[in-house]
Amino acid sequence: MISEITALNSINNVVLNNVDGKVSDVTRHIMELKNHVLDLKQSVVNQDKHRRIEWALNNGNDCLKDYSININEVLYTFRRGEGHEIPYKKSSKSCAAIEKIIHQLTGEKPKMVEMENGCVMMYYA
C-alpha cells in the first residue's frame with residue numbers, strides 16, 4: 001500500500017511538473033504576443049503621423065507665408081523626428097498662429113518648448 005502511494009505521488013509530481021512547464025510556455029507565448037501587439041500598435045501610430053505629415057506637405061505650401069517660415073521646412077524636420085526652431089517668443093501671437101496652422105494641417109498640436117534665447121523649439125507630438 002505504501003509503495004502504491006509513493007508511486008502515485010511520483011506520477012502526480014511528474015504530471016504537475018509537466019503542467020507547470022506547459023503553463024510557463026503558454027505564459028511566455030502570451031508575453032511574446034503582447035510585445036508583438038504593442039510593436040504593431042506603435043507602428044500604426046508612427047505610420048499615421050507620417051501620413052499626416054505627408055498630407056500637410058502636399059496641402060500646406062502657402063499657410064505660413066505671412067510669418068516668414070517655410071511650412072515645408074517645419075514639416076520635413078518633423079518627418080525626421082526633429083524639432084524646428086521658431087524665431088518668436090512662445091507668448092507671441094505669431095507663435096500661436098503658427099501652432100494653430102500646424103495643428104490644422106496635421107491634426108495634432110505641436111509641442112512647444114521655450115529655449116534660453118527666447119525662441120521656441122516646436123516638435124511634432
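This note goes through the helices, the sheet, the nonpolar core and the salt bridges of a predicted model.

1. Basis. The model is predicted, so local features need pLDDT of at least 70 and side-chain atom pairs count only at pLDDT 80 or more, while totals for chains, interfaces and linings use all residues. Residues are numbered from 1 along each chain as its sequence is written, and side-chain values use heavy atoms, with hydrogens and water left out.

2. Sheet. Helices (H or I, at least four residues) and strands (E, at least two) are DSSP runs numbered from the N terminus. Two strands are taken to pair if DSSP finds at least two bridges between them. The three strands form an open sheet in the order β1-β3-β2, with antiparallel pairing. Its edge strands are β1 (84-86) and β2, each of which pairs on one side only. Neighbouring strands of the sheet are turned by 30° against each other on average, direction ignored; axes are lines fitted to C-alpha atoms, for helices over the stretch in contact, and angles run from 0 to 180 degrees between N-to-C directions.

3. Hairpin. Strand β2 (residues 111-114) pairs with strand β3 (residues 120-123) in the antiparallel sense over four bridges. Within this pairing, V113 stands opposite M121 in β3. The hairpin of β2 and β3 has five residues between the strands, and G118 takes a positive phi near 90° there.

4. Helix on the sheet. Helix α3 (residues 93-106) lies across β1, β2 and β3, and runs at about 5° to β3.

5. Nonpolar core. A nonpolar core is here a set of buried Ala, Val, Leu, Ile, Met, Phe, Trp, Tyr and Cys residues joined through side-chain atoms within 4.5 Å. Buried means under 20% relative accessible area, exposed over 50%, and partly exposed in between (1.4 Å probe, protein chains only). The largest such core has 18 residues, and those with the most contacts inside it are L75, F78, I102 and M122. At least two residues of this core come from each of α1, α2, α3 and β3. Helix α3 gives the most, with five residues. In soluble globular proteins, nonpolar side chains tend to be buried together.

6. Helix α2. The buried residues of α2 are I71, N72, V74, L75, T77 and F78. Their cover includes α1, β1, α3 and β3. Contact means heavy atoms within 4.5 Å. Leaving out residues up to four places away in sequence, L75 touches I53, A56, L57 and T106. T77, in helix α2 (residues 71-79), is buried at a relative accessible area of 8%.

7. Ends of α2. At the start of α2, a side-chain oxygen of N70 reaches to within 2.8 Å of the backbone nitrogen of N72. After α2 comes G81, whose phi is positive, near 85°.

8. A salt bridge is a side-chain nitrogen of Lys or Arg within 4 Å of a carboxyl oxygen of Asp or Glu. By this rule the count is six. One of them joins the side chains of E32 and R28 (3.3 Å, N to O). E32 and R28 are four residues apart in helix α1 (residues 2-59), and are therefore separated by about one helical turn. E32 is partly exposed at 36% relative accessibility, and R28 is also partly exposed, with a relative accessible area of 42%. D48 forms a salt bridge with R51, with the closest N and O atoms 2.3 Å apart. D48 and R51 both lie in helix α1, three residues apart, about one turn of the helix. D48 counts as partly exposed at 25% relative accessibility, whereas R51 counts as exposed at 52%.

9. Salt bridge between helices. The side chains of E54 and R79 meet in a salt bridge (2.5 Å, N to O). This pair links distant parts of the chain, with E54 in helix α1 and R79 in helix α2, 25 residues apart. E54 is partly exposed at 30% relative accessibility, and R79 is partly exposed with a relative accessible area of 33%. Elsewhere, salt bridges that share partners join D25, R28 and E32 into one network.

Technical notes:
Polar contact = N/O pair within 3.5 Å; in protein donor to acceptor, adjacent residues only side chain to side chain.
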